[in-house]
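Here is a short tour of one chain, written to be read with the structure open beside it.

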Amino acid sequence: FFDQTQLQHTNRMFAKFPSCFKVAFIDCKEKGTMADDDAVHPRQDRRYYSCLIDNTSLVEADGRRKPVFSIELPGYPILGDGKGDNQNHAIPFMRGHFSQCIDANQGAYFEQMMML
């Protein structure tokens with residue numbers, strides 16, 4: 001989860017690129033009382049969601065954005081094979097013919113992204 005500095009940087013990116021910058025991430029919530037009716041596995045402690053935020057997302061009191069779209073994942077998210085698997089959960093939110101994914105954790109500077 002983001003700290004305040006990361007939230008400020010993300011909000012700055014939303015302000016700079018309001019029409020095209022979107023962030024997909026995995027969120028979790030407690031199972032809730034309907035877990036048995038929804039056939040959630042008994043050993044699963046939480047429900048996992050693939051979420052999308054963009055510039056139109058409502059900003060909550062703590063500075064975080066409320067997801068525009070949220071899709072429940074069928075169990076534990078398995079994101080162990082690196083960049084490809086980590087980006088696959090964002091595919092349901094895709095629109096149009098082109099997608100650009102920035103590898104934010106391996107030295108991808110903004111200038112390098114612009115060269116693509």
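## A meeting point at Asp54

Leaving aside residues up to four places away in sequence, Asp54 touches Phe14, Phe21, Lys22, Arg65 and Val68. Please keep in mind as you look around that this is a predicted model. Asp54 itself is found in the loop between E2 and E3. Is this residue, Asp54, buried or exposed? Asp54 is buried, because its relative accessible area of 11% falls under the 20% cut-off.

Phe17 lies in the loop between helix H1 (4-16) and strand E1 (23-30). In sequence Phe17 and Asp54 are 37 residues apart, yet in space their C-alpha atoms are 9.8 Å apart. Phe17 counts as partly exposed, with a relative accessibility of 23%.

## Two salt bridges

Side chains of opposite charge can pair when their charged atoms come close. How many salt bridges does the count come to here? The count comes to two.

One of them joins the side chains of Lys22 and Asp54, at 3.9 Å from N to O. Lys22 lies in the loop between H1 and E1 while Asp54 is in the loop between E2 and E3, so this pair ties together parts that are 32 residues apart in sequence.

## Phe21 and its contacts

Back in the loop between H1 and E1, we find Phe21. Which residues does Phe21 touch, not counting those up to four places away in sequence? They are Thr10, Met13, Phe14, Asp54 and Asn55.

## Ser57 in the loop between E2 and E3

Ser57 is found in the loop between strand E2 (46-53) and strand E3 (69-72). Setting aside residues up to four places away in sequence, Ser57 touches Arg65, Lys66 and Val68. Ser57 is buried, because its relative accessible area is 7%, under the 20% cut-off.

## The sheet

Strands of a sheet pair through backbone hydrogen bonds, either parallel or antiparallel. In this model, three strands form an open sheet in the order E1-E2-E3, and the pairing is antiparallel. E1 and E3 stand at the edges with a single partner strand each, so one side of each is left without a neighbour in the sheet. On average, neighbouring strands are turned by 30° against each other, direction ignored.

Let us look at one pairing in detail. E2 and E3 pair in the antiparallel sense over four bridges. Leu52 has Phe69 as its bridge partner in E3.

## The cysteines

A disulfide is a covalent bond between the sulfur atoms of two cysteines. How many disulfides does the count come to in this model? The count comes to zero. Cys51 is in no disulfide, and the nearest cysteine sulfur, that of Cys28, is 9.7 Å away.

Cys51 is buried at 1% relative accessibility. Cys20, by contrast, counts as exposed at 57%, because exposed means over 50%.

## The chain as a whole

Stepping back, the secondary structure of the chain comes to three helices and three strands. From the N terminus on, the elements run α-β-β-β-α-α.

Buried residues make up 22% of the 116 residues in the chain. The accessible surface comes to about 9,000 Å², and 55% of that surface belongs to carbon and sulfur atoms. As for contacts between residues at least 6 apart in sequence, 44% of them join residues at least 24 apart.

Notes: Residues numbered from 1 in each chain as written. Predicted model: local features only at pLDDT ≥ 70, side-chain atom pairs only at ≥ 80, totals over all residues. Heavy atoms only, no water. Helix = DSSP H or I, 4+ residues; strand = E, 2+ residues; numbered from the N terminus. Buried < 20%, exposed > 50% of the residue type's maximum accessible area, 1.4 Å probe, protein only. Contact = heavy atoms within 4.5 Å. Salt bridge = Lys/Arg side-chain N within 4 Å of Asp/Glu carboxyl O. Pairing = 2+ DSSP bridges. Axes fitted to C-alpha atoms, helices over the stretch in contact; angles between N-to-C directions. Disulfide = S-S within 2.5 Å. Areas by Shrake-Rupley, 256 points an atom, 1.4 Å probe, with all protein chains shown as cover.
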